[in-house]
Amino acid sequence: MTTPQFTLYSTVVGPNGWKVAMVLEELGLTYKTIFLDFSKNEQKGPEFTKLNPNGRIPALIDHHNKDFVLWESNAIIEYLTAKYDTENKISFADFESQQLVRQWLYFQASGQGPYYGQAVWFIKVKGGEPKEVVERYQNETRRVLTVLNGVLEKQEWLVGGRISAADIAFLQWNTSADRIILGSEFIDKEVPNVRRWMNALISRPGIKKVMDERTKLLSG
């Protein structure tokens with residue numbers, strides 16, 4: 001059996017490792033995933049913090065590039081597309097489109113991820129208390145979804161008229177909004193362009209494979 005090119009450190013529950021897996025699948029790159037057990041605080045242990053001193057997932061090792069290690073999910077996505085997406089399957093050759101993808105990746109990292117993550121934390125871990133804090137993060141989730149919906153009202157994808165890494169980066173956290181933060185009715189009725197976009201992403205075989213794997217592991 002051929003050794004996979006990459007080792008991806010992830011966790012079953014959190015979204016960020018899964019979006020990297022989606023990019024790897026879209027690019028047809030081989031990888032194995034090591035799922036860290038957060039209940040045992042494995043992400044803070046010495047073996048993992050040698051790779052990522054921040055003690056967060058994901059981290060990626062590229063065994064075809066002198067075991068190069070990178071952490072932060074969107075930095076990993078930029079690395080993978082810049083180095084290995086030679087056919088521009090989910091990236092672009094022109095400079096301006098590259099910057100637009102980067103713009104959306106930064107918005108995802110600074111706007112979507114932190115607010116959605118805090119919403120999930122207070123809803124799932126703290127039982128929905130304090131209510132004013134939950135409401136704040138729910139409102140921020142609505143704001144982000146409304147921004148996306150407005151853009152997607154005018155175009156099918158975020159950049160360049162076709163799927164890119166920018167679109168993929170948002171999907172897993174949007175499923176959290178769907179299942180936990182706001183519920184499917186909000187997305188269906190209030191931001192229907194986001195729903196259409198999510199469905200288009202999920203219909204892709206590589207992305208569906210990753211989502212099915214996550215669902216199976218979560219249910220197990």
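Which residues does H64 touch, not counting residues up to four places away in sequence? In this predicted model, H64 touches Q5 and Y84, where contact means heavy atoms within 4.5 Å. H64 is found in the loop between β3 (59–62) and β4 (68–71). Strands here are DSSP runs of E with at least two residues, helices are runs of H or I with at least four, and both are numbered from the N terminus. H64 and Q5 lie 59 residues apart along the chain, yet their C-alpha atoms are separated by 6.0 Å. H64 is exposed, with a relative accessible area of 56%. Exposed means over 50% relative accessible area, buried means under 20%, and partly exposed lies in between (1.4 Å probe, protein chains only).

Residues are numbered from 1 along each chain as its sequence is written, and side-chain values use heavy atoms, with hydrogens and water left out. Because the model is predicted, local features need pLDDT of at least 70 and side-chain atom pairs count only at pLDDT 80 or more, while totals for chains, interfaces and linings use all residues.

Helix α6 covers residues 165–181. At 1.5 Å a residue, its 17 residues should span 24 Å, and the end C-alpha atoms of α6 are 24 Å apart, which agrees. The expected span is 1.5 Å times one less than the number of residues. α6 has a kink of about 35°, centred on Q172. The bend at a residue is the angle between axes fitted to the seven residues ending there and the seven starting there. Of the 17 residues of α6, 15 are buried, so the helix is largely enclosed by the rest of the structure. G183 follows α6 and has a positive phi, near 95°.

Two packed helices are described by the angle between their axes and the distance between the axes. The axes of α6 and α8 (residues 192–202) come within 10 Å and cross at roughly 115°. These axes are lines fitted to C-alpha atoms over the stretch in contact, and angles run from 0 to 180 degrees between N-to-C directions. On the α6 side, D167, I168, F170, L171, N174, T175 and D178 make the contact. They meet V194, R195, W197, M198, L201 and I202 in α8. By class, this contact has eight nonpolar, two polar and three charged residues. Nonpolar covers Ala, Val, Leu, Ile, Met, Phe, Trp, Tyr, Cys and Pro; charged covers Asp, Glu, Lys and Arg; the others, Gly among them, are polar.

G206 sits in helix α9 (residues 205–219). G206 is buried, with a relative accessible area of 14%.
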